[in-house]
Each structure stands twice: as C-alpha cells, then as structure tokens.
Amino acid sequence: MSDTAARGTPVPKPVPAPGSGPAGAGGTPAEGRVHRAILRGAAQALRTHGRGVGMAEIARTAGVGRATLYRHFADREALFAELTQFAADECVRALRRADLCGAPVRDAVLAATRALLAVGREYWVVGLPGPASEPTRRELAVARPLSELAARGQREGVLRCDLPAERLGALHGALIQGALLYPQFIGEELEEAARSVTSLYFDGAARRRPDPQPAAMTSATSA
C-alpha cells in the first residue's frame, strides 16, 4: 500500500529501526522520535499540498526547525524515499503485532484493517498515478498477510473460493487504501472506520451459496 508514496525516487539508505536515530544505528531514542515526527509531518504535508511541497512547509508541519529537518534528511528526495520505505515497514510491523493467526477469520480481518488504517492515517500518501509494472519487495511484504488471511478464510469456508486468495487480499488492501482517501472515513473514529471496511469486504468476499432455481423452472421440472 504505502510503498507508492514516492515511487521512482532513489533509496539512499536502509530504513531506521523504530526508536533509532536518523542514521539507523547509534541514534538516541529522542532522535528516533524526532525522525518519526518528521516522517509523519512529511506525509501530512504531502496529503495537504501535493508533491511540490517544500522543506520549509514540511518542517512547519512536523513542528521542527529547518536545521533539524536537514540534519535528518539532506533533501526532499531522501525524505520521500524514506517515507515510502518506513510506511511500508510500519505496515508490516503492525500486521505482525495484530496476531492474525490467533483469531477467527473475521476478527483477524478486522484486526488487519485496523492496523493498516492506523499506520496509513499517519504515514500513507498518494503516490504517482498508474500502477507499477512489478510490485516492490515492501509492497509484497504488506500484501502477503492479507492474501494468507484470505486463503485461510477460503479453507475454513468463510470466504468465497471463485476468486484467488491473492486477488481477495489485494481487494482487501484496495478497500483500506480507499478508506484513506475518503474524507468521511478519515473523520471517523479508527474502530468505526475499520468495522465499515471489514463489513464491506465480507459482503463482497463472503462465500456464495447456490442460487435458488426460479419458481417457473421448478414448476416445469416437476411437471
């Protein structure tokens, strides 16, 4: 999902671990908090002002000085590249924390939806138009738990089997992305938004029962 935030920009360095400093190693917890605040501010500024937003506006939105911003990121390209990486990695960490394997399918779908919406509200931004030719490693890492959850639902007879699990998982992710774009969902409480998306996913993904025969066909057959 979130790897589309700045597709096409160079990747200057590995993603810092949570709580690490801007260089990823040797940073203090305080530096890690500032680093994440800058990434959240960048995401908010991008959503509000578009990809042309300047570093001064990002610093203002993040609540830091420009000198602090440039100490963490040399330029916009480096910032946007790390935002892309960090958002996807946060999604993966949130899905792991949600413990999807230990819950019934519907509860697990709700937990996954809640986790990704929570991350998306802080870090996800709309990327460049048009899909990528191939999903990135981070996009696959986010999509995999949703596909695995759909496959479990199919095995347990909860979800429809006429679509591949990968497609169901992709549709689940698309609904979450749509909720992040829809102002009414953004304004809702997280739990309410997560339940709305989960309900919509299950209405469309629920296992289909055989259609009953029309009454006229039933009469003709019995005659």
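I began with the contacts in this predicted model. Among contacts in the chain with a separation of 6 or more, 71% join residues 24 or more positions apart.

Next I looked up the secondary structure. The chain has ten helices and zero strands. I read the order from the N terminus as α-α-α-α-α-α-α-α-α-α.

Then I checked burial and surface. Of the 223 residues in the chain, 42% are buried. The chain exposes about 11800 Å², and 56% of that comes from carbon and sulfur atoms.

I turned to the largest nonpolar core. It holds 53 residues, and Ile58, Leu69 and Leu79 touch the most other members. I listed the elements that give two or more residues to this core: helix 1 (29-49), helix 2 (55-62), helix 4 (76-97), helix 5 (105-123), helix 6 (137-155), helix 7 (165-181) and helix 9 (190-205). Helix 5 gives the most, with eleven residues.

What is leucine 79 in contact with, leaving aside its neighbours within four places in sequence? I found Ile38, Leu39, Ala42, Met55, Ile58, Leu69 and Phe73.

Last, I looked at one helix pair. The axes of helix 4 and helix 6 come within 9 Å and cross at roughly 25°. Angles under 35 degrees count as roughly parallel, so I logged helix 4 as roughly parallel to helix 6. The crossing of helix 4 past helix 6 is left-handed. On the helix 4 side, Gln85, Ala88, Asp89, Cys91, Val92 and Leu95 make the contact. On the helix 6 side, I noted Arg138, Ala141, Val142 and Pro145.

Terms used. Residues are numbered from 1 along each chain as its sequence is written. This is a predicted model: local features need pLDDT of at least 70, side-chain atom pairs count only at pLDDT 80 or more; totals for chains, interfaces and linings use all residues. Side-chain values use heavy atoms; hydrogens and water are left out. Helices (H or I, at least four residues) and strands (E, at least two) are DSSP runs, numbered from the N terminus. Buried means under 20% relative accessible area, exposed over 50%, partly exposed in between (1.4 Å probe, protein chains only). Contact means heavy atoms within 4.5 Å. Accessible areas come from the Shrake-Rupley method with a 1.4 Å probe; for residues, only the protein chains shown count as cover. A nonpolar core is a set of buried Ala, Val, Leu, Ile, Met, Phe, Trp, Tyr and Cys residues joined through side-chain atoms within 4.5 Å. Axes are lines fitted to C-alpha atoms, for helices over the stretch in contact, and angles run from 0 to 180 degrees between N-to-C directions. Angles under 35 degrees count as roughly parallel, over 145 as roughly antiparallel, 65 to 115 as roughly perpendicular and the rest as oblique. A crossing is left-handed if the near helix is turned anticlockwise from the far one by less than a right angle, and right-handed if clockwise.
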